[in-house]
Amino acid sequence: MRPIQVFNEIAPLKKVLLHRPGNELLYLTPSNLNDLLFDDIPYLKGAQKEHDNFAAVLKSQGVEVIYLEDLMTEVLNNDPSLREPFLKQFIVEAGIHTKRYQDLLYSIYDRISDNRKLVLKTMSGLNVSELQVNADFSLVERIANESDLVIQPLPNLYFTRDSFACIGNGVSLNRMYSLTRRRETIYGSYIFRYHPEYKDKVPLYYDRTSNFHIEGGDISNLNGHTLTIGISQRTEADAIEELADNVFFRNETGIDRILAFHIPATRAFMHLDTVFTQIDYDKFTVHPGILGTLEVYLIEPGAEESLKISRIDDSLDRILAKELGLSQVELIQCGNGDRVAAEREQWNDGSNTLCIAPGKIIVYNRNEVTNRALRKAGLEVLEIESSELSRGRGGPRCMSMPLQRDR
């Protein structure tokens, strides 16, 4: 099996990438929640307990679980010469442009000899009280509060779906929508360039240096020939065209069709997978709020490496059935058709499911109405606790990046 092998979203899951929530959550405060894309402050120990349970459920189903922090640690352990460029890049991309502070921060990080602790510290952030200052205070240090952040934390890291997306045997290394999440993709760039398991074995279909933002929650592998991608709050149409050009003409992917779904640009519908996920050969979860608003476009290879784009005027179920070669598909509505339940459970990712085998899905236990509807439709539903994890506005699919599925 290739190091990356994901040709659909429902085949038995073999290997998945997670990030266990860490001390980055401890830097969340009411004053910075909006900047860091959170609506509430999770309790770290509770979030870790819930996440450990999520990993345990995956392992109990025969899935190999690996962690982002471990892969990045292995990169630095395998080639110590990468520490310096990694740290310098990380500091600059954190917005530190004054040489004095670049040097100071580098010395603080470089004193951490254990590479795993170093990686976790880059993820968790750093505040003014951690700067090693002397009597020659700068004006910045004189007016700063000890709790002010010098390096912002990366609290969204446990949503590993977003920073890159596996497509077939390759990867889209994404440019994130929000500046506060851009550094998340540095880890992926080092892993795919330098980790022995992935180096020179994984084609790159999109790069984090692109001008246009795209996130993994908007990218889904419908089958070996078709991608579905959301035009959303966090993914631009320009990025989809660039990705289409790369998968159609620059690489041997087998992909020759992209369905682009234009969804409302709102916090509740931030990614395509928050409103729409495949859960079986012929079944999908869907938030009813998008059914009357979706615009669907088909992107295909055109003449002389151009893109042929056409609008599809049909219902969502018929579009999906045709693309999958089926007579019909079933759309199971979040909230089971109840408007109030749909709004409540959509907010807590009732449509954001992780399929680990056809008809077998992991969901948040709090979405009781939706989960009953899924069971009634014949799905095997594995529930996980979610009181703290759900505060970040992402579900089981958001928290997981499948690296390998059966063909």
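1. In this predicted model, the axes of helix H3 (residues 83-93) and helix H7 (residues 184-194) come within 10 Å and cross at roughly 155°, where an axis is a line fitted to C-alpha atoms over the stretch in contact and angles run from 0 to 180 degrees between N-to-C directions. The two helices H3 and H7 are therefore roughly antiparallel to each other, a term used for angles over 145 degrees. Helices here are DSSP runs (H or I) of at least four residues, numbered from the N terminus.

2. The contact, meaning heavy atoms within 4.5 Å, brings Pro 85, Phe 86, Gln 89, Phe 90 and Glu 93 of H3 against Ile 186, Tyr 187 and Tyr 190 of H7. These residues divide into 6 nonpolar, 1 polar and 1 charged, with Phe, Tyr, Ile and Pro among the nonpolar types and Glu among the charged ones.

3. In helix H10 (residues 339-347), Ala 341, Ala 342, Glu 345 and Gln 346 are buried, that is, under 20% relative accessible area with a 1.4 Å probe and protein chains only. Seen down the axis of H10, these buried residues fall within an arc of 120°, so they line one face of the helix. The face turned away from the buried side carries Arg 339 and Arg 344, which are exposed (over 50%), while helix H11 (368-376) is included in what covers the buried residues of H10.

4. His 51 lies in helix H1 (residues 44-60) and is buried, with a relative accessible area of 0%. Leaving aside residues up to four places away in sequence, His 51 touches Leu 18, His 19, Arg 20, Pro 21, Tyr 67, Leu 389 and Met 399.

5. Residues are numbered from 1 along each chain as its sequence is written, and side-chain values use heavy atoms, with hydrogens and water left out. Local features need pLDDT of at least 70 and side-chain atom pairs count only at pLDDT 80 or more, whereas totals for chains, interfaces and linings use all residues.

Note on methods. Angles under 35 degrees count as roughly parallel, over 145 as roughly antiparallel, 65 to 115 as roughly perpendicular and the rest as oblique. The arc is that of the directions from the helix axis to the C-beta atoms.
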